[in-house]
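I opened my notebook to record what I looked up about a pocket and the residues around it. My entries follow in the order in which I checked things.

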Amino acid sequence: MALLPILEFPDPRLRTKAVPVDPVRLADPAFQRLFDDMFETMYEAPGIGLAASQVDVHQRFMVIDVSEEKDRPMVFVNPVIVARSGEQVYQEGCLSVPGIFADVTRANEITVQALDRHGQAFELNIDGLLAVCVQHEMDHLEGKLFVDYLSPLKREMVRKKLAKQKRAA
C-alpha cells in the first residue's frame, strides 16, 4: 500500500466533477489497490472519509470509516442519494481544507445506493455522522467543498489562512 497526495483547497482539480466507474474495473487488482491506498491515506491523515477526487482520481467512489476503532471500512462506488429527510448542523472539517472547521447544515437521514468494492449493489438508510460523511464525500465527487456552504467572506478568510499556513511550512 502507499500514501497518496491529497489535493488542498483552492486547487482547481478539486472542482472537477467525477465520472461514473465502469463496474468491470472493480475486478482489476490495481483498482482494488487504489481502494487500499485510499484507506491507508485516510487513516494516516487522519480522517473518516476520502473521495477519489481528493487524490486526483476523478471517478465516482469514496472510502469511509467512521468507527472509533477504524475497523469498519466502507467503499461506495457510483453512490446516489435517493432520499433525504430532516436537518442537522454538524461541525465539519476536511482533509483538503486542513485545520479548518465550520458548521454545515445537511440532511439528518439519507438513503444511499451504491456498489461495494466488489461490484455488489447495496442500499443503506443512515443518519448522524455517517450520513454527514457520505454527503460531504459525495459533494467532493460533484466538485463541491464544505467551504462552499460558507459566506464568500468566510471562504476568502479560509483561503488566506491556508495560504499563510503553506508559506509558514
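I first looked up where the lining of the largest pocket comes from, and I found that helix 2 gives the largest share, six residues (helices are DSSP runs of H or I with at least four residues, strands are runs of E with at least two, and both are numbered from the N terminus). I noted that this is a predicted model, in which local features need pLDDT of at least 70 and side-chain atom pairs count only at pLDDT 80 or more, while totals for chains, interfaces and linings use all residues. Residues are numbered from 1 along each chain as its sequence is written, and side-chain values use heavy atoms, with hydrogens and water left out.

I wrote down that the lining has 22 residues, and that Ile48, Glu92, Gly93, Cys94 and His136 lie nearest the centre of the pocket. A pocket here is an open set of points on a 1 Å grid over the protein atoms alone, where a 1.4 Å probe fits, with protein on both sides within 12 Å along at least five of seven lines; lining residues have an atom within 4 Å of a point.

Next I checked the UniProt record, an unreviewed entry, whose "binding site" annotation covers Cys94, His136 and His140; such annotations may be inferred rather than shown by experiment. These residues are spread over 47 residues of sequence, yet they cluster in space, with a largest C-alpha distance of 10.3 Å.

Is Cys94 buried or exposed? I found that Cys94, in strand 4, is buried because its relative accessible area is 10%, where buried means under 20%, exposed over 50% and partly exposed in between (1.4 Å probe, protein chains only).
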